[in-house]
Structures are given as structure tokens and as C-alpha cells.
Amino acid sequence: MAEGGEALGTVPEHERILQEIESTETACVGPTLRSVYDDQPNAHMKFMEKLDACIRNHDKEIEKMCNFHHQGFVDAITELLKVRADAEKLKVQVTDTNRRFQEAGKEVIVQTEDIIRCRIQQRNITTVVEKLQLCLPVLEMYSKLKEQMSMKRYYSALRTMEQLEKVYFPRVRQYRFCQLMADTLPKLRQEVKDISMSDLKDFLESIRKHSDKIGETAMKQAQQQKSFSVALQKQNNVRFGKNIHVNNDRILEEKNDIILKHVLEEEAENEEEVLTVQDLVDFSPVYRCLHIYSALGDEETFENYYRKQRKKQARLVLQPQSSVHETVDGYRRYFTQIVGFFVVEDHILHVTQGLVTRAYTDELWNMALSKIIAVLRAHSSYCTDPDLVLELKNLIVIFADTLQGYGFPVNRLFDLLFEIRDQYNETLLKKWAGIFRDIFEEDNYSPIPIASEEEYKVIISKFPFQDPDLEKQSFPKKFPMSQSVPLVYTQVREFIYASLKFSESLHRSSTEIDDMLRKSTNLLLTRILSSCLLNLIRKPHIGLTELVQIIINTAHLEHACKYLEDFITNITNISQDTVHTTRLYGLSTFKDARHAAEGEIYTKLNQKIDEFVQLADYDWTMTESNGRASGYLMDLINFLRSIFQVFTHLPGKVAQTACMSACQHLSTSLMQMLLDSELKQISMGAVQQFNLDVIQCELFASSEPVPGFQGDTLQLAFIDLRQLLDLFMVWDWSTYLADYGQPASKYLRVNPHSALTLLEKMKDSSKKNNIFAQFRKNDRDREKLIETVVRQLRGLVTGMSQHT
């Protein structure tokens, strides 16, 4: 049972193996067969039996199938045998057709080869065309580059080079001609660079030569604009300002109308001729060079070179010629060159980016400004002509206004103008000193005669004189002052005008201008006019009559000072009542001159008295007087009378002082003559003659040669002489000695030294001429008395010396 069961289990396994063998490829049969031998020991026998049974079954199936398909196979073979003959016929036909096709295709092959060759040529042509189309733009651009170089379009040429390098050359880099072209580009760039630099140098040289023309045009335009504005301002000031002096109103208004009309005409004429810096200068070399160096990436080199060269040119422009101070044209040429330089720089600043900067131009301007100020300070000091200084000031103002219009700070220039203003005032003062000297030299120092109303009005128009009494007088009549007074007054006003000319256009307020005018006028009055008057007064040829007229003149000039202040006020429209308004020092100036003239009158009068006294020819040994006064003294008294008649035009105190001074000096001179140490002897007859002369002096004093003296004030000038002579004439020594030193003494004014000196002179004379002989005979006591008086007088003199 067990064996039977095992057999039943083995059979399905063998069938499975057989199915695997049938369905598996031959290479994989080995493992399957090995599994047969790995099973039970006799299993392979059974498998062989099973395999044989399976083979027999397949043989049977094959035999059945062959039997089934045998007839079809036989029929197919029969058909193939039949077709063989047809196949051979077909082969012959195909061979013949092929031969005929081969013969017929030979021409086609030739034509085909031609077509192929043409196609190859066409392809090659197409390739060449494509390559040429690729190269042609490069060649065209290179040709364009050459054309641009020949036409000097260098910036465009650089752009073309850049396009060639970045766009076109990379497309044809494999070709040799491209490398050759590329090798020429650095040389062309350098050539462009050199040419542009050469053009820049030519440009710099050109603007250096034409900077004065550029500056002249810019300054002319600024001056026209300024003149127009100033004319309008002046006209407005005249029309809407304060009331001015009646004598100047019409003149100023007409003058300003004429100026405005003239300026308007000039503006109309030059309106179509306004030139700008672009019209005068071709800046294309700068733009071109800047663009070229920017395109080459070397902009910094160009900027440094340009700035360095312009700084060199600035130093040349700022260095003036040695003769610049001699003429206005020299200064004008100097200023126009500087203006031209900075106008160009300002234009470059605004039309280029970075070539010059505001900091650079400011630095350059500050350097230039320092140099300009130094030059003007040095050279303006040589200017002695106020007209030249005024022209220089006007040039500086136009120069400053022009550059200020271009944005350059010019405050330091206006500060410099204040320094030059002081110099201008000095030159004006020197000029007016000469004018005043000429006026005083040409004056005849006599009242101005007036023969008609027209002559009167002429003088009144020149000098503010008001005298109702003179107006009522009929012609001919005379002004009290001499011709120099209206001339001096007119010249002072001209000086104010001249000083005002410098103050104009200085951008200062009316208050400052008013202060300037008043200070400069004060300098004219206190320094120049005062000095001229003092020098005039001290001149030897100026006599007493002239001095009297000078005093009268100074009085009228002093009175006219208030009109000068009004004149300045009308110009500046600044009230005199303003707190800080400077007053004119004319009052003190003319007072000082008048006092100097008065002192000179006293001096000259005393000198004249000395001249008369020197003519005295006394006989000091005469026994008795002539009975009449000396001739020189009478002449002197007559001279004093005539002189004091002239003094009636002087102020009362001046005439009285002069008269008192003359009498005192005459008294002193006579006393000195009497007590002169060189005079050794005096006789009693000489004393009597001398007494007669003193009596005439006292009579002259009592005749009131100058009105205004009270009582015998003038006679007191001779009191010392009178008491001394009375003492000797009366011989009242006892009274003198007894009352000496007493306030109520009769001979209070007699000095012991004077009395002693005169007594000794008379004593010596008596010994020589025996004048006292009769006394010695008749009364020896009298001689002893004289000796006693002498001793007492000497004692008094000694006591006075010890007391002193």
C-alpha cells in the first residue's frame, strides 16, 4: 500500500518535469533533470519510462499531422516546378531591363554629377555670401572709422572703435584681417588723443590771446546794464526825492534826463549786438577733448592737465605790466583779461560736468582776488591824478559787478575801494590845495565891484550872500568880500561833487555816503583850506590891508558853511538832525584862520611900528628940545590913523585889540629906546624932546582912532612912559621914594631899575657937559641928593632882585 502510494505521488511529479522540459529552453534543462536524480533511487527509471511514453505520444501526433499536410506539400512542390520556368523568363527580362536602364542612366549620371557639382558650388557661394555678409558690416564700420578720422569726428570715431571691438570683431575674430584691424585701433586711439590734446592746446592759446576781448564784451554789457539802472535811480531821486537847493534843482534834473536819454540810446543801438561768450569763443575743442578722454577712460588726466594749464594762464593774466598804473588803458587791459579768464571758466563750469568744479573756481578766484588786491594796492599808490584814481575806481566797480554777475564773491574788492577812496581823497586834497593857492594868488584882496544887476546875480548864483542893505544900494556898489570868496565856495562844492563821484556805485547806503562826503569835506576845510589860508596869511607880501580883507573873507566863508551842509543834505537826502550826522568843521577852520590873520595883523602892525621907530634920530646930548614932536613919530601916527580907518570893516574887538596892541608896542619900543644899554648918556633936552613925542602918542590915543574904548583906556598904554618922564621932568624923587610900593603912589608904574638906568645916563651926561656945574656952584647939596637917590634906587633894585 505504501509503495502504491509512493508511485501515485511520483507520476504527477514526472509529468511536471516533462512539461518543464518541453516548455524550458535547452540551457535550463540540466537543473530540471538533476531534480529527477535527486529524488528516490529508482525514480529515474520511472521517469525514463514516462519519457518514452511521452515520446511515443508525440511521434503519433507528428505522424497524424504529416498525414494531414502531405497533400498540400505535394501540391506546393508541383506549383514551384511550374513557376521555375516563369522565374527564368522574368530573370532574363529583368537583366535586359537593367541593361537598358544602365545605358539610359549614363547621361543622367553625368547630369546628376553636374547638378551635384553645381549644388556644391551653390552651397559654397551661399557660405561665402554668409561670411561676407558677416564681414561686410565690420569692413563698413572700419571704413566709417577711417572716414570719421579724416573728417576729424574723433569722438564718433571712438564710438565706432568701441562698437567694432564689442560687437563686430567677435563675429569675425577667426579671420586674419580682423586681427590686423584690431591691432590698428590702439594706434588710432592714441592718434585721436594726441590730436584732441593739440586742439585743446590751440584752444587754450586762443582764449589766452582773446581773453581781453571776452572780458571787454562782458564788462561792456555789465556797464550798460548798470548805467541804465543808475540813470533810472538818479531820475527817480530827482523826481521823488527831497527838495534841493534852488540853484541846483534844474541843473541836476536836466543832467539826469540827458544821462538817461544817452543810456537809452546806447541800449537801443547795442540791443542787436549783444554777444555772449559762445559767440566769441569756439568751445568745441574742449567739449571734444573732454568727450574723447571720457570715452577713453582717461578723464582724470584731461581734467588735471586742463586745470594745471589754466592755473598757469591765470598767473600770467594776474601778473600786470610794470606800466599798468600810468594810464587808464593799462588798468582796463588788466581787468578785461581777468574777466575774460573767469567768464570762460564760468562757462566751462556750467556746460561741462566735472571738468571744473565750483570749489576749483572758488579756489582760483580767491588766489586771483588776493593777487588783484595786492597789485591794485601797490600800483594805485603811484596814482597822483584824481581823475585817474576815479577812472580806476569805475573800472574796479565794473570789474566787480561783472564778476559778481557770474557768481564770484567781490566783497573784498569793495573793501579795497574804501582804501582807494582814502587815497582818492588825498589826491583830491592835493589838487584842491593847488586850486586854492591859485585862487589866493590871483585875488586882489579888495571888495568885489558890481556895476549892474547881471553882475550882481552872477555873484549871488555862485555864493549865498544875503545883505538887505547892500541890495537897497544903487549901482555901482561893492560886495564886502573879495573875488576869492565865491571862487573858494564854488570849488568846495566842486570838491564835494568830485568826492561824491567816488562814492557812487559802491553799494553803500545814503547815510554812509553822507558821512563820507562830510568827512572828506571836513578834511578839505581843516587841512587844505586852513593850511592855504595860514600860508597865505604868513606870506611876507601880504600887507595889513590884505589881512583885513582876509579876515572879512573868512567871516563870509564861515557864514556859508551852513549852506554847504544844506548842499550835502540835498545830495544825500540825509537830514542834518540825524543823530550820527557829522557836522562840518568850517566854523572852527575859519575862526582859526581869522585868529591867525588877526595875530598876523598885530605882528605886521608892530613890525611897521618898529620900522618907523628905527627911523628915529634923537640927539641925546641936545641942550633943549626942538619944541615940536619928532618927524618919524608924526609919520607913524599918521600911518596908524590911516590903517585904523581900514580897520573899521573889522569886527569891533579886532580893531580895538589891534589899536591897543599897537599903542602898547609903541610904548614898549619907546621905553626900550630910552633905556637901551648902548645909549650911555641922555641930556635933559633929549628927555624933554622925548616927552614931546610921548605927548603926541597920548594925544593920538585920546583921539579914539578906533571907536569903542571906554574913557582913557587906550592912553593907559603909555602910562609907564608918562610916569617915568614926569618923574624926571618934575624931579620929584622924594615923592617917588617915599611912596614907592604904595598902591596910591603917584609913580606906581615907574620901575626902580628903569628910573636908575635913566638917572645914571643923565648923570653921566651932566658930568661930561657940565650941565650940573651951576648946581655944584650954587648948591652942592643937590648933587649929593642925586647921589643919594642913586644909592637908594640901587638899594630898591637890589631888594627886588633878592625878593625875586
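The model is predicted: local features need pLDDT of at least 70, side-chain atom pairs count only at pLDDT 80 or more, and totals for chains, interfaces and linings use all residues. Residues are numbered from 1 along each chain as its sequence is written, and side-chain values use heavy atoms, with hydrogens and water left out.

**Exercise 1.** State how many helices and strands the chain has, and what share of its residues is buried.

Solution. Helices (H or I, at least four residues) and strands (E, at least two) are DSSP runs, numbered from the N terminus. The chain has 27 helices and two strands. Buried means under 20% relative accessible area, exposed over 50%, and partly exposed in between (1.4 Å probe, protein chains only). Of the 804 residues, 40% count as buried.

**Exercise 2.** Locate L81 and classify L81 as buried or exposed.

Solution. L81 sits in helix 3, which covers residues 43–150. The relative accessible area of L81 is 52%, so L81 is exposed.
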